[in-house]
Amino acid sequence: MRAVERQLAALAADLPDVTLLQTVPGVGLITATALVALVTDIRRFPSGRHFASFLGLTPKEDSSASRRRLGAISKQGDVYLRMLVTHGARSVLWHAKAAVHPTSLQCWAVQTEQRRGHNVAAVAVANKLARIVWAVWVQQRPFAANHRPA
């Protein structure tokens, strides 16, 4: 196992996108390499919502006319990637509860958990992380926890 991790770390050193994605909370070496390997070109997704939908992290929609109904997550993307992002979200949620000075993402995660429950909050955080991954990857800028847009 350690040999495989060393091989992944050596591979990640050659791929700048993997290093960039690891700046996002909840995205480690395995998740970053899996994302880069499966997605390859992030620009094929016009927005973070499309990317989250590709991973199966958006709700199913059963709407007509002015009535909008959102159901459970679609689970139609890659099972392995969705599992990795969801486990990363659970880690973010767990660290958010223990944070002394929580970031805005951590505050949002804890508030969502208090409102909706742990599992729903974990999937919501996973959805948000997928959108953050898309933004970081497209803009080629590391994640900044307390970034304020100009």
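Start by selecting valine 123, which you will find in helix α7 (residues 118-139); helices here are DSSP runs of H or I with at least four residues, numbered from the N terminus. Before going on, note that this is a predicted model, where local features need pLDDT of at least 70 and side-chain atom pairs count only at pLDDT 80 or more, while totals for chains, interfaces and linings use all residues. Residues are numbered from 1 along each chain as its sequence is written, and side-chain values use heavy atoms, with hydrogens and water left out.

Stay with valine 123 for a moment. Its relative accessible area is 19%, so valine 123 is buried (buried is under 20%, exposed over 50%, and partly exposed in between, with a 1.4 Å probe and protein chains only).

Next, go to methionine 83 in helix α5 (residues 79-98). Methionine 83 is partly exposed, at 34% relative accessible area. Select Ile30 and Tyr80 as well, and you have a nonpolar patch on the surface, with about 270 Å² of accessible area together. Patch members have over 30% relative accessible area and no salt bridge, and nonpolar side chains (Val, Leu, Ile, Met, Phe, Trp, Tyr) are joined within 5 Å. A salt bridge would be a side-chain nitrogen of Lys or Arg within 4 Å of a carboxyl oxygen of Asp or Glu, and the areas come from the Shrake-Rupley method with a 1.4 Å probe.

Now for the rings. The whole structure holds three aromatic pairs (ring centres within 6.5 Å; planes under 30 degrees apart are stacked, over 60 edge-to-face, the rest tilted). One of them joins phenylalanine 45 and phenylalanine 51 edge-to-face, at 5.3 Å centre to centre and 65° between the planes. Phenylalanine 45 is buried at 9% relative accessibility, and phenylalanine 51 is buried at 0%. Phenylalanine 45 also pairs with phenylalanine 54, here tilted, at 5.0 Å and 50°. Phenylalanine 54 is partly exposed, at 29%. Show Phe45, Phe51 and Phe54 together to see one aromatic cluster.

For your last stop, select lysine 128, whose charged end sits over the ring of tryptophan 108, 4.5 Å from its centre.

Note on methods
Rings of Phe, Tyr and Trp (its six-membered ring) pair if their centres lie within 6.5 Å; planes under 30 degrees apart count as stacked, over 60 as edge-to-face and the rest as tilted. A charge sits over a ring if NZ of Lys or CZ of Arg is within 6 Å of the ring centre and within 35 degrees of the ring normal. Patches are made of residues with over 30% relative accessible area and no salt bridge: like charges are joined within 9 Å, nonpolar side chains (Val, Leu, Ile, Met, Phe, Trp, Tyr) within 5 Å. Helices (H or I, at least four residues) and strands (E, at least two) are DSSP runs, numbered from the N terminus.
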